[in-house]
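I opened the notebook to record what I looked up in this model, entry by entry.

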Amino acid sequence: MDLVYLIILALVQGITEFLPISSSAHLILAPEITGQADQGPLIDVMAHLGTLLAVMVYFHRDMGAAITGKLALLQGRVTEGGRLVLLIAAATPPVLIFGGGLYVTGLADALRDPIVIAWATLIFAAPLWLADHYGRQSVTVETLSWRGAVLIGLAQMLALVPGASRSGVTMTAARAVGMARSDAARFSMLMAVPVIAAFGLLAGVELARGADPGASLADGLLIAALSFIAALAAIAVLMKIVDRIGFLPFVIYRLALAGALFWWAA
């Protein structure tokens, strides 16, 4: 694949994966706007692998606590890390079940439409602003209730609509249940670990079934490395922005992007 295009894809994936602006929308639009062929499953897998590693590195303390907490759970003890594992486990099944349904029925491909992306980008901007503007900031990841985790998990199903943004809908729901901004972003990104892993597994199955990757393994390794670097930087910036400014810059970006998409489609 063209090196410049690979770099563009890596930066798009890395920067947008954890920002509430929809990485899938940007990845779908990239070949549409540039006129390039679809990047194929190998590039998607490796790009998501890079972002998965980025969130695990940035939140290495949480990941370490989750690992030791899981081991403690197997011994019948519930530690703080174990509770985090259980909260994420409670929030994850809805998106996996709904996503599996879309995949089996073929509806997932039907949603990959620029107009759908434009409307989703526009519509989901309002709840993000409302939840951030009026939501309390009294709940942390450590004090999140089971009900709150399940509600955030249910909201995550909406992320399967390109343009809605997995980060966007989960951060919106987290703010709506009263989570502080930085904790809403943190929990949203930790929730991404099993979801991205499941996506990678599904794409890996597609590759094993003979889907044409459209790229070499060297291309995949390059985009994984670049996505990792871009995602790590994006996470650091996001955590600083939401504490100081909130989510308004991302709401404004979504409105601008939606307007640009409608203009481009017309």
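I started from Phe-187, which, leaving out residues up to four places away in sequence, touches Leu-84, Leu-87, Ile-88, Val-141, Leu-144, Ile-152 and Met-179. I note at once that the model is a predicted one.

I then looked up the largest nonpolar core, which has 42 residues, and found Phe-187 listed with Leu-144, Ile-152, Met-179 and Met-189 as those with the most contacts inside it. Going through the elements that give two or more residues to this core, I wrote down helices H3 (40-58), H5 (80-91), H9, H10 (146-156), H11 (166-176), H12, H13 (217-244) and H14 (248-265). The largest share, nine residues, comes from H12. I also found a second, separate core of 12 residues, which includes Leu-9, Ile-43, Ile-223 and Ala-224.

**Arg-186**

My next entry concerns Arg-186, whose place is in helix H12, residues 181-208. Is Arg-186 buried or exposed? Its relative accessibility is 16%, and because buried means under 20%, Arg-186 counts as buried.

I looked for a polar partner and found that the side chain of Arg-186 is joined to that of Asp-62 by a polar contact of 2.8 Å. Setting aside neighbours within four places in sequence, I listed the contacts of Arg-186 as Phe-59, Asp-62, Val-141, Glu-142 and Met-239.

**Ala-54**

I turned to Ala-54, which lies in helix H3 and is buried, with a relative accessible area of 0%. Not counting residues up to four places away in sequence, Ala-54 touches Phe-228, Ala-231, Leu-232 and Ile-235. I also checked the separation of Ala-54 from Ile-115, and the two are 61 residues apart in sequence and 31 Å apart in space, C-alpha to C-alpha.

**H8 against H9**

For the last entry I asked at what angle helix H8 and helix H9 pack. Helix H8, residues 114-123, and helix H9, residues 125-134, pack at about 15°, and their axes are 4 Å apart. Angles under 35 degrees count as roughly parallel, and H8 and H9 are therefore roughly parallel to each other.

On the H8 side I noted Thr-121, Leu-122 and Ile-123 as making the contact, and on the H9 side Ala-125, Ala-126 and Pro-127. Sorted by class, this contact of H8 with H9 has five nonpolar residues, one polar residue and no charged residues.

Conventions:
Residues numbered from 1 in each chain as written. Predicted model: local features only at pLDDT ≥ 70, side-chain atom pairs only at ≥ 80, totals over all residues. Heavy atoms only, no water. Axes fitted to C-alpha atoms, helices over the stretch in contact; angles between N-to-C directions. Parallel < 35°, antiparallel > 145°, perpendicular 65-115°, else oblique. Contact = heavy atoms within 4.5 Å. Nonpolar A, V, L, I, M, F, W, Y, C, P; charged D, E, K, R; others polar. Buried < 20%, exposed > 50% of the residue type's maximum accessible area, 1.4 Å probe, protein only. Polar contact = N/O pair within 3.5 Å; in protein donor to acceptor, adjacent residues only side chain to side chain. Core = buried A, V, L, I, M, F, W, Y, C linked by side-chain atoms within 4.5 Å.
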